[in-house]
Amino acid sequence: MKSSGKPGVGEILEKINFKAFVESIIAVAIGFLIGAIILLAFGYDPIKAYTALFEGGLASTENIAATLHYSTPILLTALTFAIGSRTGIFNIGAESSFYFGAIAAIAFTNIWGNLWFGLLMGMVLGALWALPAALLKVYRGVHEVITTIMLNWIGWYFVTWLIVDPYANPSNPIKTIRVPESARLPTIGDTILSWGFIIAVVVAILMYVLLWHTTLGFGMRASGYNQRAARYGGINPKAAIVWSFIIGGITSGLGGAMKIMSEFPGYAISQGGANISGFGFDGIGVSLVGRNHPLGIILSAIFFGMLKAGTSSMQQTGVPLEIVKVIQGIIIITVAVPGLYDLLKKSFRRAA
Amino acid sequence: MDVGAIIFLLKTSLMAMVPIVLTSVGAAWSERAGVVSIGYEGVILASAFFGAIFAEISGHASIGLLGGLFVGALFGMLHGFLTVYLKGDHVIPGIGINLLAAGLVPFGIIAYWGTAGQHTLPFTLWHIQIGHNEFSPMIFVTIAIAIVTWWLLFKTPLGLRVRACGENPEAADALGINVEKYRFWSTVYGHALAGLAGAYMSVDWLGLVHKTMSGGRGFIALANMVFSNWNPLVSLIGGWLFGFFDALATWLAPKHIVPEQFIYMLPYIMTLVIVAGIIGKARPPKADGKPYKRE
């Protein structure tokens, strides 16, 4: 590569991986297109639905604050999937680590009403729940997709029991007890957005530094790329995998804790765990669209957060909110098409 | 425990066995050919929904089953196209299919029937009377499918060619086997069986469509496939074992011995324990999940 004094535009584009960025945009566009076809097929007006969706996510300062608020938990669960992917494993256990982070926030802040203590215990419980899958993978060779899914279901039933029994609110039995005022995440300005968003962005940057600028991160990426080569290079892939699960559990656990500690105005888990479920699975989509890169994930989390913020105003036009999940699924399937950019470029050239 | 309880457990365990075994058998065939998929969970859910629609439109539950088979095959074609022909990752499309189904089904229940979350079918599949008990014909169909698939896979030239694609695609190619074709149609067969499993759940076993009715069965079936060492015949045993714990949970839950949440955990804990205990001995096909590109 020629080196001139100033980096050229091409070089910068290469650094932010222009192709991957365009591919994600294309995948999103295809997701919306097929979503529109499905909406039409069932007799809904896609233009009205999408207009409401985007207005709900962007139309005012309040809506933008809501977008960032919704992007916070999925940013953190996306990091769980991303660090797994970079280590060569499919960690889909973010979902249940998130539950344990949330219940930790309730349980431990009611012992000591300290904000940092709550966040810390969320991370600890999230990491502990991720550990069995890591150990089974390393010592027994069990595929992590199976173990993490089973752990998700076991964790779900366990936490729903904790919600209705030990931590049920005696004065409002459809919710858990609340996070005490001293341990709540302060909001930014007059919005529902809390400092949790800033923390999540910082965590993403830290993960970028970890993966690309530390020895541990190098070992993780090396064993994700080629385990045998990594072993010859003096890297212990088993340790890399265990660390990947632990760090992944930490970010999801933190996400769960922050979700409840910033859950204005209730600061509690609602009946049946309705406000803590699904975030781990959303995170997988966020991570894939962000190309499993912590900085790409920040952008993609804000995009998916906008979709979440916009669903309620879209629902007011009579469209079931689940269409957003359909769109997400199509986006992921499209992202799975290898070399999408080159493929489209080729077919465009043929058409011209 | 009285005789009635034993008969209840036996019957329910056989009913619960069906979707697990069908999906395990399909997944085993697909992986024997070298294609991994984790999208069976979504295929089961989507086929349960579409199978119910097929059944209601035609007025026959059996048409619903065929519809499920068809929808499953379509998902298999999608997955096969992405993994076999475009040489893409084998796991990511499954994540997409699972998410797609998790959105499409609740959306469809509202859009098609106008109810939220759940729809009960007006009729279910005809059952065989044996003495005072009814048995679904699907129990026997499932056992037959498992046996026939095993026979095809291990006792016929077709099965040998399929397994060659999963063990050593280069050698298979050198022998003139069209690896891509075998892998593609194996994927379609695997997903079609999962589709049949889903339709069975809605038009026969449960008689309803619910937005979370697959309940992790697609993944439990994968665990059962590993437990059975990618052998359709052995997967009958593992599938029945899971069905038994499922039945036990259904039987125990209303008795309030322990909180019901702990009972519902049972099948998942058992899956984890069984897989953890057995896996050292299980060996996946050598080229399982690896895209094959001709030199």
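This is a predicted model: local features need pLDDT of at least 70, side-chain atom pairs count only at pLDDT 80 or more; totals for chains, interfaces and linings use all residues.
Residues are numbered from 1 along each chain as its sequence is written, with chains lettered from A and ligands numbered from 1 in the order in which they are written.

**Chain A overall**

- Chain A has 15 helices and zero strands; helices (H or I, at least four residues) and strands (E, at least two) are DSSP runs, numbered from the N terminus.
- Along the principal axes, the C-alpha atoms of chain A fill a box of roughly 70 × 60 × 40 Å.
- Buried residues make up 53% of the 352 in chain A. Buried means 20 or more other C-beta atoms within 10 Å of the residue's own, exposed means 12 or fewer, and partly exposed is in between, with C-beta atoms placed from the backbone.
- Take the contacts in chain A between residues at least 6 apart in sequence: 78% of them join residues at least 24 apart. Two residues are in contact if their C-beta atoms, placed from the backbone, lie within 7 Å.

**Chain B overall**

- Chain B comes to 12 helices and four strands.
- The radius of gyration of chain B is 19 Å, close to the 19 Å that the globule rule gives for 295 residues, so chain B is as compact as a globular protein of that length.
- Its C-alpha box, again along the principal axes, is roughly 60 × 45 × 35 Å.
- In chain B, 54% of the 295 residues are buried.
- Of the chain B contacts between residues at least 6 apart in sequence, 80% link residues at least 24 apart.

**Where the chains meet**

- On the chain B side, 38 residues are in contact with 36 residues of chain A.
- The chain B elements giving two or more residues to this side are helix 4 (92-113), helix 9 (217-227), helix 11 (260-264) and helix 12 (266-278).
- Helix 4 of chain B gives the most, with 14 residues.
- By class, the chain B side has 29 nonpolar, seven polar and two charged residues. Ala, Val, Leu, Ile, Met, Phe, Trp, Tyr, Cys and Pro count as nonpolar, Asp, Glu, Lys and Arg as charged, and the others, Gly among them, as polar.

**A helix pair in chain A**

- Helix 4 (residues 61-86) and helix 13 (residues 294-315) of chain A pack at an angle of about 135°, with axes 6 Å apart. Axes are lines fitted to C-alpha atoms, for helices over the stretch in contact, and angles run from 0 to 180 degrees between N-to-C directions.
- Helix 4 and helix 13 of chain A are therefore oblique to each other: under 35 degrees is roughly parallel, over 145 roughly antiparallel, 65 to 115 roughly perpendicular, and the rest oblique.
- Residues making this contact include A:I74 and A:L75 of helix 4 and A:F304 and A:M306 of helix 13.
- That contact has 16 nonpolar, four polar and one charged residues.

**Positive phi values**

- A:N292 has a positive phi of about 50° although it is not a glycine. A:N292 sits in the loop between helix 12 (279-289) and helix 13 of chain A, and is buried, with 20 other C-beta atoms within 10 Å.
- B:N229, also not a glycine, has a positive phi near 55°. B:N229 lies in the loop between helix 9 and helix 10 (234-252) of chain B, and counts as partly exposed, with 16 C-beta neighbours inside 10 Å.

Methods
The radius of gyration is taken over C-alpha atoms; the globule rule is 2.2 Å times the number of residues to the power 0.38.
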